[in-house]
Amino acid sequence: MARTDNCLARVGAGAAIGGAVGGAVGACYGTFEAFRYKIPGLLKIRYIGQTTVGSAAIFGLFLGAGSLIHCGKSY
């Protein structure tokens with residue numbers, strides 16, 4: 001039981017770190033693209049938000065899955 005709890009904690013931590021890093025990168029990239037393509041007015045805020053959330057979700061998913069794969073390995 002203790003190994004399962006440790007594994008769930010590692011997967012949760014991996015997903016959280018992935019979400020944070022993905023959100024930061026998504027915010028930078030979304031801001032760059034919003035100004036690059038000259039998106040008008042308040043649509044910039046919407047575009048940056050969509051890019052941030054999408055990037056955070058995808059990167060968090062993959063980092064959580066990677067943590068799950070590594071969870072069963074013992075070194």
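Helices (H or I, at least four residues) and strands (E, at least two) are DSSP runs, numbered from the N terminus. This is a predicted model, in which local features need pLDDT of at least 70 and side-chain atom pairs count only at pLDDT 80 or more, while totals for chains, interfaces and linings use all residues. Residues are numbered from 1 along each chain as its sequence is written, and side-chain values use heavy atoms, with hydrogens and water left out.

**Figure 1. Overall view of the chain, which has two helices and zero strands.** The radius of gyration is 16 Å, well over the 11 Å that the globule rule gives for 75 residues, so the chain is more spread out than a compact globule. Here the radius of gyration is taken over C-alpha atoms, and the globule rule is 2.2 Å times the number of residues to the power 0.38. The C-alpha trace spans about 55 × 20 × 10 Å along its principal axes. Of the 75 residues, 24% count as buried (buried means under 20% relative accessible area, exposed over 50%, partly exposed in between; 1.4 Å probe, protein chains only). Among contacts (heavy atoms within 4.5 Å) with a separation of 6 or more, 74% come from residues 24 or more positions apart.

**Figure 2. The two spans that UniProt lists as "transmembrane region" in an unreviewed entry, residues 12-35 and 47-69.** UniProt positions are given in the numbering used here, feature names are shortened, and annotations may be inferred rather than shown by experiment. Residues 12-35 are 100% helix and 0% strand, with end C-alpha atoms 34 Å apart. Residues 47-69 are also 100% helix and 0% strand, and their end C-alpha atoms lie 33 Å apart.

**Figure 3. Helix H2 and its buried residues.** The 29 residues of H2 (residues 43-71) should span 42 Å at 1.5 Å a residue, and the end C-alpha atoms are 41 Å apart, which agrees. The expected span is 1.5 Å times one less than the number of residues in the helix. Buried in H2 are Ile48, Thr51, Ala56, Gly60, Gly64, Ser67 and Cys71. Ser67 counts as buried because its relative accessibility is 18%. Leaving aside residues up to four places away in sequence, Ser67 touches Arg10, Val11 and Gly14.

**Figure 4. The disulfide that joins Cys7 to Cys71.** The S to S distance is 2.1 Å, and the rule (a pair of cysteine sulfur atoms within 2.5 Å) gives a count of one disulfide. The pair links distant parts of the chain, with Cys7 in helix H1 (residues 2-36) and Cys71 in helix H2, 64 residues apart. Both Cys7 and Cys71 are buried. Cys28, by contrast, is exposed, with a relative accessible area of 57%.

**Figure 5. Lys38, in the loop between H1 and H2.** Lys38 is not a glycine, yet has a positive phi of about 55 degrees. With a relative accessibility of 68%, Lys38 counts as exposed.

**Figure 6. Lys73, in the segment after H2.** Lys73 counts as partly exposed, at 45% relative accessibility. From C-alpha to C-alpha, Lys73 and Ala15 are 18 Å apart in space, and the two are 58 residues apart in sequence.
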